[in-house]
Amino acid sequence: LSYLVETDGGKRRVIIGGLDHDLHFIHFQLFDDNQFKLLNSGPFGGNYYRGTYILRNDTLILQNDKLANLYPSLTLVLKQNEDKEKYFEPIDSEKSMYQLFIYKDLRENK
C-alpha cells in the first residue's frame, strides 16, 4: 500500500530528488506520464503539490502556479557541482534558494 501512495498509484518514476536542510525539506518525483509530485515541508508539516512538467534538454518547467512562492518562474536548469552531484537550480535563483538535488535518475536514455 505504501508503494501505491509513494508512486501515485503505481506510476513509473523517472527522476527522484529533493532538498534536506535542517528546517526545510523538499522531495519531488517526476513520473513517466509528465506528472510530478512535490512535498514542501518544514518542522511543522507541509504540503503536497501535483502538476505536469516539461523536461527539455537541461530545463525543467513545473506547471503548477501554487509553486510560484518557491520557484517564481517555475523553471529550473540542470547543473552539476564540483562533487559531481546533479541538481536543478531555479533560473531566478536570486528569488529562490531551493535547489533540487537528483537522488535517482531512472530514465533509460540519460
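Two strands count as paired if DSSP finds at least two bridges between them. The model is a predicted one, in which local features need pLDDT of at least 70, side-chain atom pairs count only at pLDDT 80 or more, and totals for chains, interfaces and linings use all residues. Residues are numbered from 1 along each chain as its sequence is written, and side-chain values use heavy atoms, with hydrogens and water left out.

Now step back to the whole chain. Helices (H or I, at least four residues) and strands (E, at least two) are DSSP runs, numbered from the N terminus. Read from the N terminus, the order is α-β-β-β-β-β-β-β-β. The radius of gyration is 13 Å, close to the 13 Å that the globule rule gives for 110 residues, so the chain is as compact as a globular protein of that length. That radius is taken over C-alpha atoms, and the rule is 2.2 Å times the number of residues to the power 0.38. Along the principal axes, the C-alpha atoms fill a box of roughly 40 × 40 × 30 Å.

How much of the chain is buried? Of its 110 residues, 39% count as buried. Buried means under 20% relative accessible area, exposed means over 50%, and partly exposed lies in between (1.4 Å probe, protein chains only). The accessible surface comes to about 6,900 Å², and carbon and sulfur atoms hold 48% of it. These areas come from the Shrake-Rupley method with a 1.4 Å probe; for residues, only the protein chains shown count as cover.

Return to strand E3, residues 35-42. This strand is mostly covered, with six of its eight residues buried. In a regular strand, the side chains alternate between the two faces of the sheet. E3 pairs with strand E2 (residues 25-31) through six bridges, and the two run antiparallel. E3 is also joined to strand E4 (residues 45-56), by eight bridges, again antiparallel. There, Gly42 has Gly45 in E4 as its bridge partner.

Look next at the turns. The hairpin of E2 and E3 has three residues between the strands. The hairpin from E3 to E4 passes through two residues. Asn34 sits in the loop between E2 and E3. Its phi is positive, about 65°, although Asn34 is not a glycine. Is Asn34 buried, partly exposed or exposed? Asn34 counts as partly exposed because its relative accessibility is 36%.

Asn57 lies in the loop between E4 and strand E5 (59-63). Asn57 has a positive phi of about 55°, and it is not a glycine. With a relative accessible area of 74%, Asn57 is exposed.

Move along to strand E6, residues 75-80, where Thr75 is placed. Thr75 counts as buried because its relative accessibility is 15%. Which residues does Thr75 touch, leaving out those up to four places away in sequence? They are Thr59, Leu60, Ile61, Glu89, Pro90 and Ile91. Contact here means heavy atoms within 4.5 Å. Across the chain, among contacts between residues at least 6 apart in sequence, 29% join residues at least 24 apart.

Finish with charge. The chain has 14 positive and 16 negative side chains, and the centres of the two sets lie 5 Å apart. Lys and Arg count as positive and Asp and Glu as negative, while His and the chain ends are not counted. Each charge is placed at NZ of Lys, CZ of Arg, CG of Asp or CD of Glu.
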